[in-house]
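Let's take a walk through this model together, stopping at a few spots along the backbone. Have the sequence and the 3D view open side by side.

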Amino acid sequence: GSHLVGHSYGGLLAMVAATRCPERVKSLVLIEPPAFGVTIHHPEVANVVERLKVVYESADTPEDFLAGFLRALGTRPVEPLRLSSLHRKAVMATMEEVEPWNITLELARLASYSFPKLVVSGDWHPALMVTAEALARELQAQRFVIKGVGHEIQKMGKPFNDRLKELIHSAAN
């Protein structure tokens with residue numbers, strides 16, 4: 001078995017993987033997954049999704065996509081964007097992925113599995129907070145918020161690492 005940790009869109013993929021092969025999962029950690037399909041009727045989420053739809057439909061280049069994506073989330077990108085070749089490839093992959101609000105998640109099934117689950121977020125974006133709260137409820141997961149941090153919570157070091165170690169330890173018992 002594995003301890004499955006998914007950040008952002010990777011959190012959506014981690015949920016799909018855990019649903020398909022639960023016997024291989026020891027624990028599941030979701031870091032700000034944009035599971036907006038779960039909370040699409042919340043005004044904050046609906047607003048973000050509408051702004052993101054425009055980006056997915058109209059961006060021609062990875063730079064345009066990333067800049068539009070960041071603006072849709074209320075962040076000001078430093079422009080012009082200069083992406084490394086690796087970052088450019090990652091953004092191009094994102095442009096081809098299913099929009100996060102269109103991914104089918106089997107939350108009731110995932111909740112039925114006995115492995116521990118943790119939903120982590122910062123407190124920087126209302127749509128991601130609402131979504132994380134809903135996921136934690138639906139999945140019967142533990143919830144952890146690190147205040148004053150943006151989307152890359154895993155880079156916070158000690159607070160995140162300590163909570164992750166705690167979950168992994170609980171999975172072993």
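**A walk along the backbone**

Start with P80, which sits in the loop between helix 3 and helix 4. Keep in mind that this is a predicted model, so treat what follows as a reading of that prediction. The peptide bond leading from E79 into P80 is cis, its omega being near 0 degrees. That deserves a second look, because most peptide bonds are trans.

Helix 3 covers residues 62–72, and its buried positions are P62, E63, F65, L66, A67, G68 and A72. What lies over them? The cover for those buried residues includes helix 2 (43–58) and helix 4 (85–96). After helix 3 the chain reaches G74, where phi is positive, near 85 degrees.

One of the buried residues in helix 3 is a glutamate, E63. Which side chain does the side chain of E63 meet in a polar contact? The partner is R88, at 2.9 Å, side chain to side chain. Setting aside neighbours within four places in sequence, E63 is in contact with R88 and also with L81 and L83.

As a rule, most residues other than glycine have a negative phi. S8 isn't a glycine, yet its phi is positive, about 60 degrees. You'll find S8 in the loop that joins strand 1 (2–7) to helix 1. Further along, Q140 does something of the kind: phi is positive at about 55 degrees, and again the residue is not a glycine. Q140 belongs to the loop between helix 6 (126–139) and strand 4 (142–146). Is Q140 buried or exposed? Q140 counts as exposed because its relative accessible area is 65%, and the cut-off for that label is over 50%.

Last stop: C21, in the loop between helix 1 (9–20) and strand 2 (25–31). Why is C21 called partly exposed? Its relative accessible area is 27%, so it falls between the buried limit of under 20% and the exposed limit of over 50%.

Conventions. Residues are numbered from 1 along each chain as its sequence is written. This is a predicted model: local features need pLDDT of at least 70, side-chain atom pairs count only at pLDDT 80 or more; totals for chains, interfaces and linings use all residues. Side-chain values use heavy atoms; hydrogens and water are left out. Buried means under 20% relative accessible area, exposed over 50%, partly exposed in between (1.4 Å probe, protein chains only). Helices (H or I, at least four residues) and strands (E, at least two) are DSSP runs, numbered from the N terminus. Contact means heavy atoms within 4.5 Å. A polar contact is a pair of N or O atoms within 3.5 Å; within protein, one must be able to donate a hydrogen and the other to accept it, and residues adjacent in sequence count only if both atoms are side-chain atoms.
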